[in-house]
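Here are my notes on this one, point by point. Have the model open beside you as you read.

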Amino acid sequence: MSDIVLQMRGITKSYFGVKALDGVSLEVRKGEVHALMGENGAGKSTLMKILSGLVKPDAGEIEFEGSQVQIADPQAALNLGIAMIHQELNPIPEMTVAENIFLGREPRYPGTPFIRRKQLEEQTRRLLEEFQFRAGPNTKVGTLSVAQKQMLEIIKAISYNAKLIIMDEPTSALSENEVKTLFQTIDRLKKQGVPVVYISHRMEEIFSITDRITVLRDGKLIGVRNTGDTEVDGLISMMVGRPLDAIYPKEDALIGETVLEVRGLTRLPYFKDISFSVKQGEILGIAGLMGAGRSEVMRALFGIDRADGGEVLMSGEKIRIKHPSDAIRHGIAFVTEDRKELGLVLSRSIRENMTLASLSRISAGPFVSRSAEAAACDDMLAGIRIKMNRMEQEVLTLSGGNQQKVVIAKWLLTSPKLLILDEPTRGIDVGAKAEIYRMISKLAREGLAIVMVSSELPEVLGMSDRILVMGEGEIRGEFLRGEITQEQILECALGGGRIA
Amino acid sequence: MMRKYGLIAILLGAVVILSLVSDTFLTVTNLMNVLRQVSINGILAVGMTFIILTAGIDLSIGSLMAVAAVIATSIVAHDPGAVGWALLAGVAASGLLGGVSGTMSAKLNVAPFVATLAMMTIARGIALIYTNGRPIVVSSDPFKFLGQGYIGPIPVPVLIFIAVTAVMGIVLYKTKFGRYVYAIGGNENASKISGIRVDRVKIWVYVINGFLAGLAGILLSSRISSGQPNSGMGYELDAIAAVVIGGTSLFGGRGSLLGTIVGVLIIGVINNGLNLLDVSSYWQQIIKGLIIAGAVILDQRAKRN
């Protein structure tokens, strides 16, 4: 009994009459990594907000380390020893590691506002050593990698004597190597008996590091499982509430003429001598580790960055692309990796976002025809189901999956011959993922050539006709569907042990 | 939406209160007076709305007004009938200088604040050199008509302001260009990737803003019957204030022309009212500042809900 650190019971929370959480329980034991899973909107973040004092529950009780507690605000959560590592980290870049960790509680000379620098550094050094953190206490935080910043947040949490750490999508911005480091840190926390509540959409991570899994759906507790006794398929059907016969609905499409051919495309130092081609109806998967140069190739191909050399041919004809508008004119569409930064104008409506790349098609001279615009949008929405209240709604208010569908709709409205998808399902819940896979499959069947860059190996393996593996800015290998396993892709990507 | 109506309510509230406390406020003469007074700031604020929607700012418009004014007045000083040429030359000059600011910010990556701050002093210098620092006196009646004339009961500057608003409203809401202005302010990277020539759109926004500043400057010179190289100083602040009161976000991508017009009218009505009530001009400054701060605070609240 004493190994239960946290017990939440009957937690209920409504927003405007809609139940975000309905009698949910969560039990976390000492030294375990506990996954909290569910689709977007299932109630995971509300539950965690309640635990970290950001939101007050309507009903329910929380028992922490054996005693009943009220968590009135984030400070109260911190005082109890509950720390949340946020998706978006916000350490202060101009301050040092030590200053960030002890921000607001620096050791001072008694009775003065002056900081005891020696002591500050010493305390920091001890903490850093404990976690084998490579940078020193006086390193500026701005110079650290994302993974190091994250680790810094964790160390900071530990320095507050955290007894429970919540990690919300901690690997979303990390490279493969950095993920390893994070997992080592989590292991260390486990050994110290500090439990971690781990929220992630990535199945592989869930299965490699968590001990138990709590699944939520539509604000209700669906079940708790030991990770060891669970299969991916079973977990997914718990999350979506229906059996998913196939997550990857890849259908065989008729492969036609070559649409795109790239010869010797180079942009130093990011990638060099990249050559490949895609045909109508074909899905070309591009796998590789983060930083392998995959997105950079696509950016150069699309005219966002300037290539140093190489040729691009569309339907056998050499084309020059100096700006994305050239690429669009030649029938290339690019669903970028980062929806919020590169894909959408969040402050504008669904309608305006959908037609942004194809305004000329629905305009007479300089004037946009609202009727042509409405017709184009209606047409598109017949094929893509976007959950929304109205077309004039800001895209900011949509969920990740629906935002992604708006981006895809925007590009389909340009009537492309080639569709480039960069991490098309990142940060999207399982249900929306399956829907996007179905869409991709259908587009290929309709004769579109598709290039799909993805770091999720099951997705690459499940969807592609052909797979290119990139590493360190070069193409390391090319494989046909069914010819290669995840391990082989990784091996190929790492390429003879040369790891940066 | 709530916000727009809120602003209009503030404007109507001010009108009601002023008509109760002052006998002269709600007369045709005074209302026309108010409209004439706001038309110059109104024209400036329309251009500034475009600039701020792209997440930019233009501090140079006061100086651009002076450049256009001295060029236009120097032409009519030579040939009193050449009003068309005077307008064209003045507006072309200020448009060109606006284009220089736009190019600095779009192509050379100078922050608009800095680029237009530089242009503010450069253009003022140009106006001073062009005139040797002396005002150019205007005696041309057709030129004076622009700022002082009436068509029916309506002052000419008011008609020009209405025409400018109508044309720019069509540009902003009915054309691709208008869409691009909003998109660039909302997310420049996504706009570029969607095939928008972001640099060109931005430069054109500064050129258009330069045109409108020039037009406003020429109207001012016509009204005071002289081309003053020192005219227009501080006018950028009233224009920015009107845009901000009107609810356009300084971060770009959000806002409306209607909001700006209401913002212009609020400033105009309150200025006029305070004058009618004999409030000292010192106090007027404080009251105007409070209104700007209040509008922005309301805006922040509205956003949070």
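1. A word on confidence to begin with: pLDDT is the predictor's own confidence in each residue, on a scale from 0 to 100. This is a predicted model, so local features need pLDDT of at least 70 and side-chain atom pairs count only at pLDDT 80 or more, while totals for chains, interfaces and linings use all residues. Residues are numbered from 1 along each chain as its sequence is written, with chains lettered from A and ligands numbered from 1 in the order in which they are written.

2. Chain A has an average pLDDT of 87, and 95% of the residues score at least 70. Where pLDDT is low, the predicted coordinates should not be read in detail.

3. On domains: chain A splits into domain 1 (4–240) and domain 2 (258–494), with bounds from an automatic or database domain assignment. Their C-alpha centres are 34 Å apart. Each side puts residues into the contact, 10 from domain 1 of chain A and 10 from domain 2 of chain A. On the domain 1 side, helix H8 (residues 232–240) of chain A gives the largest share, three residues. (Helices, H or I with at least four residues, and strands, E with at least two, are DSSP runs numbered from the N terminus.) That side of domain 1 of chain A divides into three nonpolar, five polar and two charged residues. Here Ala, Val, Leu, Ile, Met, Phe, Trp, Tyr, Cys and Pro count as nonpolar, Asp, Glu, Lys and Arg as charged, and the others, Gly among them, as polar.

4. Now the chain pair: 24 residues of chain A meet 19 residues of chain B. Helix H10 (324–329), helix H11 (339–343) and strand S18 (367–368) of chain A each supply at least two residues of the chain A side. By type, the side of chain A that touches chain B has 14 nonpolar, seven polar and three charged residues.

5. Look also at the open, mixed sheet of six strands in chain A, ordered S16-S19-S20-S13-S21-S22 (strands pair if DSSP finds at least two bridges between them). Strand S16 (332–335) and strand S22 (474–480) of chain A are at the edges with a single partner strand each, so one side of each has no neighbour in the sheet. Within the sheet, strand S13 (residues 283–288) and strand S21 (residues 466–471) of chain A run parallel over five bridges, and Ile286(A) is opposite Leu468(A) in S21(A).

Key. Contact = placed C-beta atoms within 7 Å.
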